[in-house]
Amino acid sequence: GVVQAVREWASAWSSKNFTSLTAKSEDRERDACRHCMFAGWLTVFLKKNVNESTRLAWILLDAHEAAEPKGTPRLALRARMDQLNNAIGVSVGRKARSSGTGDPGGYVMKTCIAETTNGRLWVIGSSRGRLRLEHGTMRR
């Protein structure tokens, strides 16, 4: 269905655009972009009405994140990172719907890639051995 297709597109496009060893590491730019695209595309493609599509996207995104393990500090940070990047993606999807573009899916893809390369999405970094959320850097 739509959800599986969107998940596969998000994974493929983020993998294609973020190939450096650091960017594709777990919890880095590739993962952040994937969440942005997945949330944005759900918001664009689930329903005709943008508010209903947004509501349904959040139900699916929240259910997915609730099912993820959170038993370590890294897993708890990963869940927060995913939620923040999902929120950015939903916002991008809503903008794509309201922009009047003939290609809202392309709008989501280009915007999420730009948000990632410009360091506006969230990744997990570390400082003095402590994990923390930070904005990603321009690693492709």
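**Helix packing, surface features and salt bridges**

The buried residues of α5 are covered by elements that include α1 (2–17), α2 (29–45) and α4. The model described here is predicted. Helix α5 itself spans residues 104–117 and comprises 14 residues. From its first C-alpha to its last, α5 reaches 20 Å, close to the 20 Å expected at 1.5 Å a residue. The buried positions of α5 are Gly 105, Gly 106, Val 108, Met 109, Cys 112, Ile 113, Glu 115, Thr 116 and Thr 117. This set includes the nonpolar residues Val 108, Met 109 and Ile 113, and also Glu 115, whose relative accessible area is 16%. Glu 115 is classed as buried because this value falls under 20%.

A salt bridge joins Glu 115 to Arg 120, with the closest N and O atoms 3.3 Å apart. Arg 120 is partly exposed, at a relative accessible area of 41%, whereas Glu 115 is buried. The C-alpha atoms of Asn 118 and Gly 136 lie 8.0 Å apart, although the two residues are separated by 18 residues in sequence. Gly 119, which follows α5, has a positive phi near 75 degrees.

Most residues other than glycine have a negative phi. In Arg 128, a residue other than glycine, phi is positive and near 55 degrees. This residue is located in the loop between β1 and β2 (130–135). Arg 128 counts as exposed because its relative accessibility is 84%, a value over the 50% cut-off for that class.

Helix α4 (residues 73–98), one of the elements covering α5, contains Asn 86. With a relative accessibility of 1%, Asn 86 counts as buried. The side chain of this asparagine makes a polar contact of 3.0 Å with the side chain of His 35. When neighbours within four places in sequence are left aside, the residues in contact with Asn 86 are His 35, Ala 39, Trp 58, Leu 61 and Glu 65. Of these, His 35 and Ala 39 fall within the residue range of α2 (29–45), while Trp 58, Leu 61 and Glu 65 fall within that of α3 (residues 50–67).

On the surface, a nonpolar patch is formed by Val 2, Trp 9, Trp 13 and Phe 45, which together have about 370 Å² of accessible area. Helix α1 supplies the largest share of this patch, with 3 residues. Phe 45, another member of the patch, is found in helix α2. Phe 45 is partly exposed, with a relative accessible area of 36%. Helix α1 also carries Lys 16, which counts as exposed at 58% relative accessibility. The C-alpha atoms of Lys 16 and Trp 41 are 17 Å apart, and the two residues are 25 residues apart in sequence.

The structure holds 8 salt bridges, among them the Arg 120–Glu 115 pair described above. Another joins the side chains of Arg 28 and Glu 29, at 3.3 Å from N to O. Both partners are buried: Arg 28 has a relative accessibility of 9%, and Glu 29 has one of 0%. These two residues belong to a network of salt bridges that also links Arg 132 and Glu 134.

In the Arg 28–Glu 29 pair, by contrast, Arg 28 is buried and so is Glu 29.

Technical notes:
Residues numbered from 1 in each chain as written. Predicted model: local features only at pLDDT ≥ 70, side-chain atom pairs only at ≥ 80, totals over all residues. Heavy atoms only, no water. Helix = DSSP H or I, 4+ residues; strand = E, 2+ residues; numbered from the N terminus. Buried < 20%, exposed > 50% of the residue type's maximum accessible area, 1.4 Å probe, protein only. Polar contact = N/O pair within 3.5 Å; in protein donor to acceptor, adjacent residues only side chain to side chain. Contact = heavy atoms within 4.5 Å. Expected span 1.5 Å × (residues − 1). Patch = residues over 30% accessible without salt bridge, like charges linked within 9 Å, V, L, I, M, F, W, Y side chains within 5 Å. Areas by Shrake-Rupley, 256 points an atom, 1.4 Å probe, with all protein chains shown as cover. Salt bridge = Lys/Arg side-chain N within 4 Å of Asp/Glu carboxyl O.
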